[in-house]
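This report looks at how the protein surrounds its ligands, at one of its pockets and at a pair of aromatic rings. Please keep the sequence and the structure at hand while reading.

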Amino acid sequence: MHKQEELLRVENIKKYFPIKGGVFGNKTVQYVKAVDGISFTVNQGETFGIVGESGCGKSTAGRTIMRMLEPTEGTVYFQGQDITKLANDDMRKLRKDIQIVFQDPFASLNPRMRVYKIIEEPLINFGVTDQAERHRRVLEVADQVGISQAQLKRLPHEFSGGQRQRIGIARALISKPKLIIADEPVSALDVSIQSQVLNLMKDLQKEFGLTYIFISHDLSVVKHFCDRIGVMYLGKMVEISAKDDLYDDPKHPYAKALLSALPKAHPLQEKERIMLTGDVPSPSNPPSGCTFHPRCPSCMDACKTVEPILQPIGQNHIVSCHLYTAEEAKSR
Amino acid sequence: MSRKLLEVDNLQVGISDDGVRTPIVNGISFQLNKGETLGIVGESGCGKSMTSLSLMGLLPPGVEWQDGDIHLHNLHFKDFKKKDWRKTRGKKLSMIFQEPMSSLNPVYPIGKQIIEMILNHEKISKKQARQRALQMLQLVGIPRPEQVLDEYPHQLSGGMRQRVMIAIALSCNPEILIADEPTTALDVTIQAQILELMKKLQVQMDMSIILITHDLGVVAEMCDRVIVMYAGEIIEESTIVELFDNPKHPYTKGLLESLPDINEQKEYLSSIPGMVPAPGDMPKGCRFAPRCSRVHDRCSQQPPLVTTESGSKVQCWLFED
Ligand SMILES: Nc1ncnc2c1ncn2[C@@H]1O[C@H](COP(=O)(O)OP(=O)(O)OP(=O)(O)O)[C@@H](O)[C@H]1O
Ligand SMILES: Nc1ncnc2c1ncn2[C@@H]1O[C@H](COP(=O)(O)OP(=O)(O)OP(=O)(O)O)[C@@H](O)[C@H]1O
Ligand SMILES: [Mg+2]
Ligand SMILES: [Mg+2]
């Protein structure tokens, strides 16, 4: 294995959204703790997956890391530089190194803009003034993602979902980023198209040494595509691990339940399901202690009051759960 | 032998413009047996929802029933008037929709919506209907059912709304439940709960289910038999095990191979090149031919529907004679 070089380090990032209330609707009465203190690192050239249920804060995390949303607290280091402190101007320059691909290829493209313009636009924003240079880059990147020259003249609605996602990827790619945050890039696509887009992303990663943060709720896609994975629950990372360790031997009860809920791969496969009871609690009023405790099949007394922290449980494997804290481990 | 309950016979629905008919569902035939779960799978836009809406008499404005018939007992849906549909809907066939928010009325409490459904079909008092509504909510595992009766849809989580939809759909004991992507909007942990619930209620209420989905994992989980649709046509029909172990049509094979396999690590996934043709822009002959790796001269002619040794049906020239 080649030496792993850290590209991104996220330290205790929080994003709270204020809920307004009071007589005039101008008082903050509560906060939605969409992201509530997450930390992880991503190495150069790897794909880091983020999984978890709807509303657990995956998209907010992705957007906060690249400062599309300003973090409430915490630090993000990109190539060793603290980007949370960067002034707007410097941040704008850095944006070309960190790009995002959105889930909905229909909503994220300007419907009145020709595909050529859509792909070219980021270059203009990043101050590439030479038009011939821009033209060359648009053609190059269109070719890389499989959009023909004729198609560049068309409008987004003339494309299928998979093709639109290619446009979104081309747009992200044209500034030659080092990191791409892909927020559910294939969730809106059919199976046969999904594999086209995933294969394309893999090719581009090899060719340009790209690093991905891949956000998804589809556990089989994540397993296929990612090297390391973080499992989120209610704004927190509850387990982070190399892919195989997580799928072969998940530690956190939530990760276990999530993996066991995967539909069968074959009708005759026997499956032990861990059925979770109850609904996902609200991030504006998270449960005390371990936020998973009201749904946890292994809940103990400590879980109701004491918040667990992420602790190593093997090589490259960390989990935040009282089942694995030191005292517990001793008494088992 | 399994008992036939519902039969769809050469159903064609579509749009017409100046007398020019463009079929969306292009002459499909299949049957549903008593007590079974039949899956309908296929890519977005292949006509799954149009098929199920035809069964319910709920085709959207502009989309017309062009040919064929549907039979249930001695009923022939083709001749149905509005009042026949009203009598059938909810009582004989009931449907759960993909997006519960769009089919629950946001301005009425949950209880009122279930009670209305019951009173539509049964001559019982309001009080009895409310009692039944309460039982239904308990049946689908809604916590605090008494209170939820008086709550509004927006006060419930996605999983609870889907349970309420199921409660409404089952409140008149239908013979057939049509579930159009019942779990697509839900998380896997909630999806597992809802699928489990549907299986349990199917046995309890002796129902047949038509399950529409694009998720082959859900199909593996739930179905006895499966229909694969492509571009408005049925291109394969088989038992569930046969479909996974021995898929016939190149499209079905392609679909199964495109799925990431949780037990196997591959660098690249296989994929089907190209995309689904639009209605009105269909290739002649086999509609899958432009994307098919085994395409041949004769594919420009309409392929035959072949019944194979295993009892599967496949619409493809490769299986002729
Ligand atoms: N701009 C906002 N203002 C207030 N609350 C927000 C805002 N954006 C997100 N939230 C809330 O923050 C929480 C996390 O949302 P987020 O979109 O990050 O979840 P997610 O994990 O990406 O979910 P999904 O899988 O559905 O995309 C949710 O409760 C959401 O309602
Ligand atoms: N109201 C309408 N008028 C005309 N055409 C329509 C209408 N609704 C749907 N269609 C077309 O009919 C075709 C079949 O649509 P249908 O909704 O049955 O697809 P589906 O298989 O259910 O897809 P999905 O998986 O996306 O739900 C599509 O090509 C669609 O564009
Ligand atoms: Mg999201
Ligand atoms: Mg549909």
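## Basis of the description

The model is a predicted one.

## The shell around ligand 1

With helices and strands defined in this way, β2 (27-43) and α1 (58-65) of chain A can be named as elements that each supply at least two residues of the shell around ligand 1. The helix α1(A) gives the most to this shell, with three residues. In total 13 residues surround ligand 1, and the closest of them are Ser54(A), Gly55(A), Lys58(A), Ser59(A) and Thr60(A). By class, the shell around ligand 1 divides into five nonpolar, five polar and three charged residues.

For Gly55(A) it is a backbone N or O atom that lies 2.8 Å from an oxygen atom of ligand 1, whereas for Lys58(A) it is a polar side-chain atom, at 2.8 Å from an oxygen atom of ligand 1. Ser59(A) likewise has a polar side-chain atom 2.8 Å from an oxygen atom of ligand 1. On its own, ligand 1 has 640 Å² of accessible area, and the protein covers 61% of this area.

## The shell around ligand 2

Ligand 2 is surrounded by 14 residues, of which Ser44(B), Gly45(B), Lys48(B), Ser49(B) and Met50(B) are the closest. Helix α1 (residues 48-56) of chain B gives the most to this shell, with three residues. The residues around ligand 2 divide into seven nonpolar, four polar and three charged.

A polar side-chain atom of Ser44(B) lies 2.6 Å from an oxygen atom of ligand 2.

The elements that give two or more residues to the lining are α2 (82-88), β6 (93-96), α4 (110-121) and α7 (158-170) of chain B.

Which element gives the most to the lining of the second largest pocket? It is α4(B), with five residues. The lining as a whole has 10 nonpolar, seven polar and five charged residues.

Over all chains, the structure holds 13 aromatic pairs. In one of them, the rings of Tyr212(A) and Phe225(A) have their centres 5.8 Å apart and their planes at 40°, so this pair is tilted. The pair links distant parts of the chain, with Tyr212(A) in strand β8 (residues 211-215) of chain A and Phe225(A) in helix α7 (residues 219-225) of chain A, 13 residues apart.

Conventions. Residues numbered from 1 in each chain as written. Chains lettered and ligands numbered in written order. Predicted model: local features only at pLDDT ≥ 70, side-chain atom pairs only at ≥ 80, totals over all residues. Heavy atoms only, no water. Near = heavy atom within 4 Å. Polar contact = N/O pair within 3.5 Å; in protein donor to acceptor, adjacent residues only side chain to side chain. Helix = DSSP H or I, 4+ residues; strand = E, 2+ residues; numbered from the N terminus. Nonpolar A, V, L, I, M, F, W, Y, C, P; charged D, E, K, R; others polar. Phe/Tyr/Trp six-rings, centres within 6.5 Å; stacked < 30°, edge-to-face > 60°. Areas by Shrake-Rupley, 256 points an atom, 1.4 Å probe, with all protein chains shown as cover.
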